[in-house]
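Please read these notes alongside the model.

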Amino acid sequence: MPRVTVGSEGANPIEIYYEDHGVGTPVVLSHGYPLSGRAWEKQVSALLAAGYRVIAYDRRGWGNSSQPAIGYDYDTFAGDLNALLTKLDVRDAILVGHSMGTGDVVRYLGRYGTGRVAKAVLMSPIPPFLLRTEDNPEGAPQALFDGFIQAAQADRYVWLKQFLENFYNYDVYGGTLVSDEAFRASWNVAVAGSPVAAVACIPTWLTDFRADLAKIDVPVLVIQGDQDRVLPIGVTGQRLAAFIGDTRLLVIEGGPHAIAWTHTDQVNGALLDFFQK
């Protein structure tokens, strides 16, 4: 399987698994918690059919990547992405992140610049900054995230099930836009991930991306559902225009956090329209 070595834990290499298909302008896909690069399956087929090269990878701790006990922070995640882009010598890429993956994209652009990147897409974004502080009153209290950590530590399986229910707005879309089988497949991917990563990723959601956003000098498309329960749009997507120079926001009516799956036609149409401009 194609992998890039990004570090080591003791004598063991830490490897990032990726899939690289097609030719043309490269589109690099960074997935959200608690899934893997397979979460993009409805986008991969559409992008390949439209003539793009599609690179999807698994974040450390998830999917077919290594499951180390270290490196769960956005500087490391961005370094992993940089190692992948460097190995493949990707140029003029379009970076697309969903949820936690938007943090990968933004921190990468903040640390490594846009030399390899032409555009970016932030879908159901985690930036700019989720934690409530004196200079960020729109954020959520620390106690909320402490509760998430406690729930994940107490019973990872229940925590992941409940998270995915909010991920899909399953009480609304279960059995229609999200089949029982699709939900079960997502849960299987989630529980196959690292128990360490399931907990250790949660504090990263409080990363302050505001300085990174200010450095972005390529066009950015933000796509988010107005019914996003995981990362509510008023705290995230609607705030990004104040931090990024060239940005546009597409709001998907009724869209949950997992809009790439539930509202595929709207998402794919928006991606292709943005890519081709």
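**Notes on the predicted model**

1. Helix α11 has these buried residues: Thr-264, Val-267, Asn-268, Ala-270, Leu-271, Leu-272, Phe-274 and Phe-275. Buried means under 20% relative accessible area, with exposed over 50% and partly exposed in between (1.4 Å probe, protein chains only). The helix covers residues 264-276, 13 residues in total, and its first and last C-alpha are 18 Å apart, close to the 18 Å expected at 1.5 Å a residue. That expected span is 1.5 Å times one less than the number of residues. Helices (H or I, at least four residues) and strands (E, at least two) are DSSP runs, numbered from the N terminus.

2. This is a predicted model, in which local features need pLDDT of at least 70 and side-chain atom pairs pLDDT 80 or more, while totals for chains, interfaces and linings use all residues. Residues are numbered from 1 along each chain as its sequence is written, and side-chain values use heavy atoms, without hydrogens or water.

3. Strands β1 (residues 3-9) and β2 (residues 12-21) are antiparallel and share six bridges; strands pair if DSSP finds at least two bridges between them. Gly-7 is opposite Ile-14 of β2. Two residues separate the strands of this hairpin, and Gly-10 in the turn has a positive phi of about 65°.

4. β2 also runs antiparallel to β4 (residues 53-57), with four bridges. Tyr-18 has Tyr-57 of β4 as its bridge partner.

5. Arg-53 belongs to β4. Its side chain makes a polar contact of 2.7 Å with that of Asp-20; a polar contact is a pair of N or O atoms within 3.5 Å, where, within protein, one must be able to donate a hydrogen and the other to accept it, and residues adjacent in sequence count only if both atoms are side-chain atoms.
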